[in-house]
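Please examine the sequence and the three-dimensional structure shown here.

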Amino acid sequence: MRLRAEATGPASVEANVLAIPIYKEDDPFGDDLANLDAAAGGVIRAAIEFGRFNIAEDYFALLDGGDLPVEHILLVNGIRRGRGPWRARRLTGVATRALQGKGAPRMAVWLRDGETADGVEAAAVGAVAGTYRPMDLYGRTRDTEAMKRNVEEVVFLGADQAVLDRAAIVADGVDWCRDLSNRSANDLYPEKMAEEARALEADGCTVEVLHVPEMRQLGMNALLGVGQGGEHPPVLIAIKLPGWEKATEERLAIVGKGVCFDSGGLSLKPADKMDEMKHDKSGAAAVVAAARTLARIAPDAPVMAVAPMVENMPGGRAQRPGDVVKAMNGKTIEVTNTDAEGRLILADALVWAETQGATHLVDVATLTGAAAIAFGELISAYFARPREWGDRVRAAADATGEWFWEMPLATEYRTQLDTPYADIVNSGSRDGSLIKSALFISEFATKPWVHLDIAGTAWSDRDKATFPKGAIGVGVTSLVRLGLEFAAGERGA
């Protein structure tokens with residue numbers, strides 16, 4: 001998709017569709033909307049008064065262009081949450097998604113309220129995201145050419161072209177993350193993910209892949225235990241940007257949970273929705289995609305992406321409930337639930353990242369059903385130590401239109417992870433399980449650390465106005481923004 005900036009006003013832009021956000025506070029119309037409506041011959045007000053668009057019920061409404069030099073006007077619900085990157089990103093995503101299958105190759109966007117550069121970039125990322133078609137990944141023979149039609153160019157009125165150019169690269173990273181997450185387990189298994197990562201060498205990255213013998217020698221038994229039941233052996237992928245080795249101060253390691261398929265192991269999951277467990281690699285997809293994106297816009301960022309990749313499967317070689325393993329840092333873990341596997345592979349990956357020189361850590365994981373139950377599809381829970389580091393990560397999310405919410409790292413619960421057989425147990429009681437999962441991971445990080453649980457936000461189980469069924473690409477833009485901040489800090493060092 002092409003993203004273009006034009007200085008043209010909304011009453012004179014030429015396009016197939018002009019997308020206009022409508023906000024709750026537009027009753028009555030402000031001067032900006034009233035003037036455009038007058039230029040359009042009153043079609044906007046007439047549509048709202050007739051009931052074709054209701055801010056309380058409708059995501060969008062497609063109208064005739066009236067007297068404007070556009071074929072159609074698309075009214076888009078401005079979303080209730082305050083104006084800024086989050087709302088801008090969602091409303092443009094709704095707009096381009098609404099036009100899928102329509103004959104509207106050129107769409108203009110009038111953001112109306114003078115969005116900041118962050119808001120414009122988020123809106124541009126959202127516009128590209130709205131054109132994503134998961135059915136294109138493997139192809140569907142029943143799709144007609146008309147069904148495949150999509151917006152090909154989005155014109156942002158009054159925007160800066162340089163902002164849009166960067167947004168296009170970031171948006172491509174988000175969509176690549178979605179592809180990686182959406183790929184089926186028979187197509188993207190650990191070694192296949194390693195092949196995808198090795199392609200980043202063309203972007204100037206150094207890619208290292210640890211296989212079972214190397215991991216065994218390093219003592220990564222927590223990771224190896226999870227993967228021992230799978231047909232495809234585990235790997236640990238490390239992608240270092242050029243700026244990693246050159247860094248003189250801070251280095252950021254982003255660590256993503258990469259379970260290519262999660263059956264639950266011997267603690268087998270129910271059959272219902274088990275097909276969605278191909279998305280349990282969404283954390284790894286996010287960090288690998290963020291690394292590729294940063295390599296293309298800020299190769300001097302002192303960033304390393306680490307992706308421990310496994311299959312969690314039952315079988316004769318599978319890890320058993322009651323097994324005790326020793327992690328890379330020497331701590332012993334009693335595995336009472338083989339379906340609490342993500343924290344095990346993250347444990348060794350975080351320890352290893354610190355040995356490589358990481359001064360700051362962010363792990364991203366589809367870790368707990370408790371996160372999805374508590375926060376739903378819009379908000380990702382995070383834990384931080386210290387909290388100031390969490391504030392920095394959350395600010396990166398706010399700037400790019402993602403929604404992170406801090407949860408307490410209540411150390412009072414740590415004793416509930418005690419066991420007479422090891423230093424710690426991998427799965428405690430269900431009450432407070434979201435917090436306990438973070439407490440477990442915190443045992444394997446000594447540097448400033450954030451744990452981001454994207455179990456509820458990584459994918460959608462059905463089509464919605466904001467995104468189609470499948471992966472959403474959550475985390476990529478926030479990690480990229482964070483990496484850019486580390487790059488800026490290193491340049492100033």
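The buried residues of helix H6 pack against helix H5 (161–182), strand S7 (206–210), strand S8 (235–240), strand S10 (258–262), helix H10 (282–297) and strand S11 (303–312). Here a contact means heavy atoms within 4.5 Å, and buried means under 20% relative accessible area, with exposed over 50% and partly exposed in between (1.4 Å probe, protein chains only). Helices (H or I, at least four residues) and strands (E, at least two) are DSSP runs, numbered from the N terminus. The model is a predicted one, in which local features need pLDDT of at least 70 and side-chain atom pairs count only at pLDDT 80 or more, while totals for chains, interfaces and linings use all residues. Residues are numbered from 1 along each chain as its sequence is written, and side-chain values use heavy atoms, with hydrogens and water left out.

Helix H6 comprises residues 190–198, and its buried residues are Pro190, Met193, Ala194 and Ala197. These residues lie on the same side of H6, because they cover an arc of only 105° around the axis. The arc is taken from the directions that lead from the helix axis to the C-beta atoms.

The protein as a whole has 15 helices and 20 strands. Its radius of gyration is 23 Å, close to the 23 Å that the globule rule gives for 493 residues, so the protein is as compact as a globular protein of that length. This radius is taken over C-alpha atoms, and the globule rule is 2.2 Å times the number of residues to the power 0.38. Of the 493 residues, 59% count as buried.

In it, 3 strands form an open sheet in the order S12-S13-S17, with mixed pairing. Strands S12 (323–326) and S17 (424–425) are the edge strands, each pairing on one side only. Two strands pair if DSSP finds at least two bridges between them. Strand S13 (residues 332–335) pairs with S17 in the parallel sense over 2 bridges, and the bridge partner of Ile333 in S17 is Ile424.

Finally, a search of the whole structure finds 3 aromatic pairs. Rings of Phe, Tyr and Trp (its six-membered ring) pair if their centres lie within 6.5 Å; planes under 30 degrees apart count as stacked, over 60 as edge-to-face and the rest as tilted. The pair of Trp389 and Phe486 is edge-to-face, because the ring centres are 6.0 Å apart and the planes stand at 75°. Trp389 lies in helix H13 (residues 387–400) and Phe486 in helix H15 (residues 476–491), so the pair ties together parts that are 97 residues apart in sequence.
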